[in-house]
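Subject: Structure for your set, with notes

Hello,

The structure is below, followed by my notes on it. Please read them alongside the coordinates.

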Amino acid sequence: MGLPALEFSECCLDSPQFRERLRSHEAELEKTNKFIKELIKDGKSLIVALKNLSSAKRKFADSLNEFKFRCIGDAETDDEICIAKSLQEFATVLRNLEDERMRMIENASEVLITPLEKFRKEQIGAAKDAKKKYDKETEKYCGVLEKHLNLSSKKKESQLQEADSQVDLVRQHFYEVSLEYVFKVQEVQERKMFEFVEPLLAFLQGLFTFYHHGYELAKDFSDFKTELTISIQNTRNRFEGTRSEVESLMKKMKENPHEHKNISPYTMEGYLYVQEKRHFGTSWVKHYCTYQRESKRITMVPFDQKSGGKGGEDEAVILKSCTRRKTDSIEKRFCFDVEAVDRPGVITMQALSEEDRKLWMEAMDGREPVSRNIGAKVLEKTAQLDNIGFSIIKKCIHAVETRGINEQGLYRIVGVNSRVQKLLSILMDPKTATETETEICAEWEIKTITSALKTYLRMLPGPLMMYQFQRSFIKAAKLENQESRVSEIHSLVHRLPEKNRQMLHLLMNHLAKVADNHKQNLMTVANLGVVFGPTLLRPQEETVAAIMDIKFQNIVIEILIENHEKIFNTVPETPPSNSQLLLSRKKSTDSKPPSCSERPLTLFHTAQPNEKQENRNSIINSSLESVISSNVNSFLNSNSAPQSNLNSSDLELEVIKPNRPNSLVCSTQSPALLFELPDPSGDNSSKHKGLFF
């Protein structure tokens with residue numbers, strides 16, 4: 001039910017019904033006044049809360065902006081760069097959003113609080129003042145009327161007439177005040193319908209503007225969000241592969257740590273306890289010692305892992321002799337004495353174990369040298385880049401392209417190990433291997449054939465893209481832009497031996513065809529890079545740093561697949577000159593000892609030390625001629641049977657490039673699906689984990 005209307009005609013009668021209706025209007029005005037007062041209070045609290053929220057979000061944005069990711073390795077992929085800058089992008093979006101919120105907060109006081117306070121003071125306040133005046137006139141009129149009615153009729157006529165006129169004046173004034181009050185009450189009741197609601201609407205419009213600004217920010221952020229989502233997925237996929245590799249390396253280190261020691265410039269290094277004479281006697285101080293046999297230099301660094309710091313100054317001496325210390329001559333075990341050329345007296349050292357002492361004495365040519373053959377393993381490999389090898393790879397490729405190019409998970413899903421080995425033994429049989437017309441029969445599954453191809457490539461004496469070029473390919477993948485990467489990899493490919501390049505060309509043509517059918521087989525260029533990167537470009541030494549570079553191995557393979565026609569069918573535009581190559585190689589060899597990835601493979605013949613120095617220039621010149629001639633030959637004889645031509649002229653000649661890394665643009669393939677497929681034969685050793693994109 002609404003409020004009853006107040007008729008002006010009833011102001012004169014001033015009936016009880018009129019008074020009741022007037023009181024209902026007054027009660028409604030009082031209710032409205034209290035509501036507006038509470039609303040203003042809540043509005044001010046909301047503004048304060050919004051300011052606190054904005055301040056907290058700005059602080060959160062500042063924290064995001066200040067944090068910087070540091071990835072493992074000396075370079076980052078494009079995915080890692082995208083993720084690293086995501087926090088700054090988040091901070092920018094939050095700051096932009098809070099700028100708009102502050103504008104809304106500043107306007108809220110003007111569009112909400114000020115109009116409500118004005119309505120409450122000017123309109124409802126005026127109605128209250130009118131009520132006070134109306135109540136005062138009512139009391140005055142009623143008093144005058146009662147006094148007038150109590151006059152005696154015996155009064156003089158003139159006195160009675162004067163009293164009547166006075167009452168009429170008071171009645172008229174009361175009537176006017178009553179009319180004004182009724183008018184004001186009804187006016188306020190009507191005004192509140194728009195003057196009270198309109199500020200609320202303006203405040204909501206400010207909220208909508210703020211939220212619309214957030215919507216526009218979200219639209220602008222959408223492209224980066226998509227790129228970031230793909231980068232996160234790619235990084236997660238690489239993490240799964242890298243984690244398994246690192247975990248495998250960790251298990252190998254646990255089983256036999258001596259087999260996986262890093263290539264070190266020192267002949268021997270490790271912790272030793274050195275006996276030192278003090279005023280109160282002798283003490284044994286822990287040192288980290290290194291020894292170089294060529295210079296006979298021993299360096300001793302006092303260091304204790306428990307304290308986490310050095311315990312003194314480094315000391316270096318030149319070795320004169322090393323002698324095992326007899327057990328009955330000292331209370332400590334595993335001791336040996338060292339005499340130095342530039343230091344008087346004997347230095348007594350304690351090794352960590354008997355085996356450790358033998359290793360130190362052997363390194364220092366002690367009196368009891370112990371030959372160590374830790375982890376010496378000879379793995380016979382019959383796979384070669386000869387006619388048989390090319391025949392096997394061509395047969396596998398032909399079978400895949402004719403029978404299984406559209407199979408899902410091609411090269412991802414592995415075959416049963418026993419059947420893979422059986423197929424390889426058949427293909428590698430010299431009696432049937434060179435028969436080009438003989439195809440792999442249909443009884444062999446495609447996954448068995450693809451696994452045989454990958455296994456054969458892994459059985460080669462070294463990776464197809466060669467150990468000595470591994471670091472150069474990785475550096476190329478870390479260059480600033482895509483054009484530089486392609487150009488550098490193009491040049492490196494043409495420095496490979498002819499047969500390696502021919503086999504790589506054959507394989508990349510095939511993988512490009514596989515990638516062309518990725519909608520059916522789900523094997524994109526990125527997925528093929530994950531599969532073949534560690535096979536074609538594996539490092540000579542298995543370390544955590546090498547595992548972290550797997551992502552760049554994959555990028556190299558992606559570039560080879562996407563640009564195979566240019567890389568293999570054209571000669572590099574600007575091949576390096578002899579002087580540049582010599583300078584690059586000299587700088588590399590002078591600045592540091594060769595790492596495992598810089599040393600030539602043992603299957604190549606290397607000249608003896610006296611021959612190597614004399615023939616160095618002729619070897620490099622012949623290498624350059626081989627690069628040009630082999631490109632022409634490979635182009636003209638791409639369909640002919642390859643000939644064996646591995647020689648020592650294909651040594652690594654490292655070209656100096658800028659160190660600022662980058663990598664491929666984020667892949668736009670669909671998110672990956674992790675799957676695990678056990679072999680139907682139940683052979684758990686062949687269980688395979690993979691990723692579909």
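Of the contacts (heavy atoms within 4.5 Å) with a separation of 6 or more, 73% are between residues 24 or more positions apart. This is a predicted model, in which local features need pLDDT of at least 70 and side-chain atom pairs count only at pLDDT 80 or more, while totals for chains, interfaces and linings use all residues. Residues are numbered from 1 along each chain as its sequence is written, and side-chain values use heavy atoms, with hydrogens and water left out.

The protein has 20 helices and nine strands (DSSP runs numbered from the N terminus: H or I of at least four residues for helices, E of at least two for strands). Of its 693 residues, 41% are buried (under 20% relative accessible area, with a 1.4 Å probe and protein chains only).

Nonpolar cores
A nonpolar core here is a set of buried Ala, Val, Leu, Ile, Met, Phe, Trp, Tyr and Cys residues joined through side-chain atoms within 4.5 Å. The largest has 64 residues, and Leu504, Phe532, Leu536 and Leu560 touch the most other members. Helix α12 (residues 498-516) is its biggest contributor, with eight residues. A second, separate core has 34 residues, among them Ala127 and Phe174.

Helices α12 and α14
The axes of α12 and α14 (residues 525-536) lie 10 Å apart at an angle of about 155° (axes are lines fitted to C-alpha atoms over the stretch in contact, and angles run from 0 to 180 degrees between N-to-C directions). The pair is therefore roughly antiparallel, a label for angles over 145 degrees. On the α12 side the residues that meet α14 include Leu504, Leu507 and Leu511; on the α14 side they include Phe532 and Leu536. Beyond its neighbours within four places in sequence, Phe532 also has Tyr411, Leu453 and Ile557 among its contacts.

Strands β6 and β7
Strand β6 (residues 335-340) runs antiparallel to β7, and five bridges join them (DSSP must find at least two bridges for strands to pair). Phe336 has Met349 in β7 as its bridge partner. Five residues lie between the strands of this hairpin, where Gly345 takes a positive phi near 85°. Strand β7 (residues 346-350) is largely enclosed by the rest of the structure, because four of its five residues are buried.

Ser54
Ser54 sits in helix α2 (residues 16-66) and counts as buried because its relative accessibility is 1%. Setting aside neighbours within four places in sequence, Ser54 contacts Glu98, Arg101 and Met102. Its C-alpha atom is 10.0 Å from that of Glu100, 46 residues away along the chain.

Regards

Note on methods. Buried means under 20% relative accessible area, exposed over 50%, partly exposed in between (1.4 Å probe, protein chains only). Angles under 35 degrees count as roughly parallel, over 145 as roughly antiparallel, 65 to 115 as roughly perpendicular and the rest as oblique.
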